[in-house]
Amino acid sequence: MALPVEEWRLYAARCWAALEPVLRERLAAASLHDTLRLGCGLLRPEATAVLRRLCRRAPAGKEPAAARFYREEGNRLFGRRHYGTAVRLYSQAASHEPPGSPEVSVCFANRSAALFHLRCFEVCLEDIARAESHGYPDRLLPKVLLRKAECLLCLGRLQDAADALSVVENKIAMDGIMTSPTHQTLLKKLSQLKIKIHEKESCPEPARETCGDIQRKSEIWEENDSISGASSSLSLNFDRERGRHLVASQDILPGQSLLKEEAFVSVLCPGESRLLQDSSETVWDTRVTNADLYCHRCLRHLLASVPCRGCSYAKYCSQSCADMAWEQYHRTECSLGALLLTLGVFCHVALRTVLLAGFAEVSRMVECSHDDDRDLHNPEARCKHLSEAPDTGAGTRSIPGCNDNGQYQSSYQAVFNLLHHAEKHSPEHKFLCMLSAVAVCKQLQEAGLEAAVLNQESSEKWSKPKTCEKTSGELSLELKTMAEAMLRHMLQLQCNAQAITVMQESGSGDSAVVNKKPVRLATALFPVLSLLNHSCCPNISVLFSGTAATVRASQPIPSGQEIFHCYGPHRCRMRVAERQQLLSQYFFECRCQACLDELESDVKSVVSMRNSFCCPSCRAPVQGEEMLSCSNEACAISVSRESLSHRLRDLQQQIKKALELLRDRKADQAIKMLLKCQMDAGNFLSPGHLLMGEMEDHLAQVYATLGKWQEAARHLERSIEIVEMHHGPSSVEMGHELFKLAQILFNGFAVSEALSTIQRAEEILSVHCGPQSTQIQELQEMKTCLSELPRSILQRT
């Protein structure tokens, strides 16, 4: 959630409405500095009480009762052999155990057992080491050490496995009593593992050959001297109309890498289920969210998380990531978890940005902005001044965000100089952001964290979050500077935040055909990526890997043409009027070529024509606004748009129920319902409507779960026709659909069709995602397996 919770937004709105009209006018016209100066004292004790109550709905501290609940739930699901879910629950349990609690070692040991059953042997070994280091009970240690030996055996590390067994044998012998059932079971297991090690030593397994020894293509890359992370094929320009923008300095081919940038700052989007409703009873949430699936620092996918030592919310992929996060920002954020969840991701990103930059750099940039405000109050005049400035030799030196050498780097200076559009935001929104920034800084001051924020104490003194006596009164000058920078960044984010998305598997995950959908993972600031202006028909694709973004050309870009990113809906997904309305949040009216063509043409947009209704009687297209008339003169049918829209909503509900049946493994019922939906849709939707394609896609998914590959391929091919009609033959959407078709044909042993589909999918996805992408690697593996089949089989298919 980008903005604060609704109750805080409503409270801020009431506070704004209650201000004296003169003060509202002054705040509305004030600079960021004056907004903080005027508004700092407006955070009343009542507001603090409201925030305290709201924070109780977003618990982020250690809670032993929650740890017991999650551990017991994990044990219950482990007993039912739901090992993947058990791993998540043991991770939740570990995150709620207080530092030094002996129970945390039990969580790691239990999780190692689930990981072993999932055959995740390396990660299992890591958890066993964690259990040992956290003081796992000595009487239970032999069982865990036997698991360690078995993991090492499975990994082929025979000597290490033998050494582990010797440790277990000595430990059992030291226990003395050798007749208990537990000891007898351990001895039996020990004996079995010794035999397995001896057998493997006597008959070593032949070295495994990699499937076709797939060659990974290396990308040619020459970095730009003036723009960090950018290709030398780009140049940075500035003019009054377009502001900062990137232009091709040479002809660019489809698939060519243009930019590789690490986010300056990123914050994981937690998921709605983190926020609980007001209730007298505590209900622990077992639903899985982004916060459970991805590292809170590097955004890598988590299997067995390392919990923060101070809070239950932050989880990491390794102890190294946890330590780096602590050093860079989390030692300050740790005790503010509930407040940051309440105030939203934008506020969290703003705080983390100033923490990463450090107070010295933040103070320097804020002071420079005050000088600029005194010199040029009018932003338009400033743009004009910059656009008319003479070339100083560096070429880009006068462009905002560039350093003294004329270089535009992914730095705090570049972040600070992103446009904040303070004069265009509503006064109410600026007031909400100001109150939120002040609330965070007040909490830092009251929690005794000011010295850490200002980098005045070494990290050794902050090995644990500390508290001190709460202070009252207004913010210190230093924290006011931090609050002003935070306010600036919160306003910048509306136009400059980048959603980091990942392709996440949907469904149960045990299907032979992987169905993925894009999911928003985090909110980030990429200073160089932010240079790209918007077009509803962009000429690039952006792919994320962890906190890194890679930009590739999605079509030929001639020298001199601007590089365009799509901020919002693509022209293929929405009509121009709807696009323009959504894009207004970025404070510009889109005048891209796609919008101009559609606005100036009398012909209906492609989206309107394809996603249209048809006559329920003769199925010809219908025309009109509120009342729709059949375009077939021989048919006099008229029908209201509202009634057809109602039918469409009902149809979407039926499709949702069919997918629920599929998730409950009731495939036959799902097919029956989807076929009925398809028949109903044909009576009032145009044949090329996107929903018609979605139903074909769902039917393909159901038939694939039943192993009926031919039927699945037939339905998916129909879906692909509609996707191509809407998005184009070389779109990334086509690539994803062809990838699914390749999986179906591969599983159905349709060799020649599979090979040709794989080739088409590779050609498209290599342009948008690059040769190193997971999907490309999987396609190459499928192709290698098919190509190595005996010639007699290939000739028959």
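A residue is counted as buried under 20% relative accessible area, as exposed over 50%, and as partly exposed in between. In the predicted model described here, Phe 78 has a relative accessible area of 23% and is therefore partly exposed, whereas Tyr 83, at 15% relative accessibility, counts as buried.

The protein comprises 797 residues, of which 50% are buried, and its secondary structure amounts to 32 helices and 15 strands. The accessible surface comes to about 39100 Å², with carbon and sulfur atoms contributing 50% of that area.

Asn 110 was examined as an individual position within helix H7, which spans residues 103-117. With a relative accessibility of 18%, Asn 110 falls under the 20% limit and is therefore classed as buried. When residues up to four places away in sequence are set aside, the contacts of Asn 110 are with Arg 71, Asn 75 and Tyr 90.

Three strands form an open sheet in the order S13-S14-S15, and their pairing is antiparallel. The edges of this sheet are provided by strand S13 (622-623) and strand S15 (638-640), each of which pairs on one side only. Strand S14, covering residues 627-630, is joined to S13 by two bridges, the two strands running antiparallel; Val 622 has Cys 630 of S14 as its bridge partner. Helix H25 (residues 641-663) packs on the sheet through contacts with S14 and S15, and the direction of the helix makes an angle of about 65° with that of S15.

In an unreviewed UniProt entry, residues 641-668 are annotated as a "coiled-coil region". In the predicted model, the chain over residues 641-668 is 89% helix and 0% strand, and the C-alpha atoms at its ends are 34 Å apart.

Methods: Residues are numbered from 1 along each chain as its sequence is written. This is a predicted model: local features need pLDDT of at least 70, side-chain atom pairs count only at pLDDT 80 or more; totals for chains, interfaces and linings use all residues. Side-chain values use heavy atoms; hydrogens and water are left out. Helices (H or I, at least four residues) and strands (E, at least two) are DSSP runs, numbered from the N terminus. Buried means under 20% relative accessible area, exposed over 50%, partly exposed in between (1.4 Å probe, protein chains only). Contact means heavy atoms within 4.5 Å. Accessible areas come from the Shrake-Rupley method with a 1.4 Å probe; for residues, only the protein chains shown count as cover. Two strands pair if DSSP finds at least two bridges between them. Axes are lines fitted to C-alpha atoms, for helices over the stretch in contact, and angles run from 0 to 180 degrees between N-to-C directions. UniProt positions are given in the numbering used here, feature names are shortened, and annotations may be inferred rather than shown by experiment.
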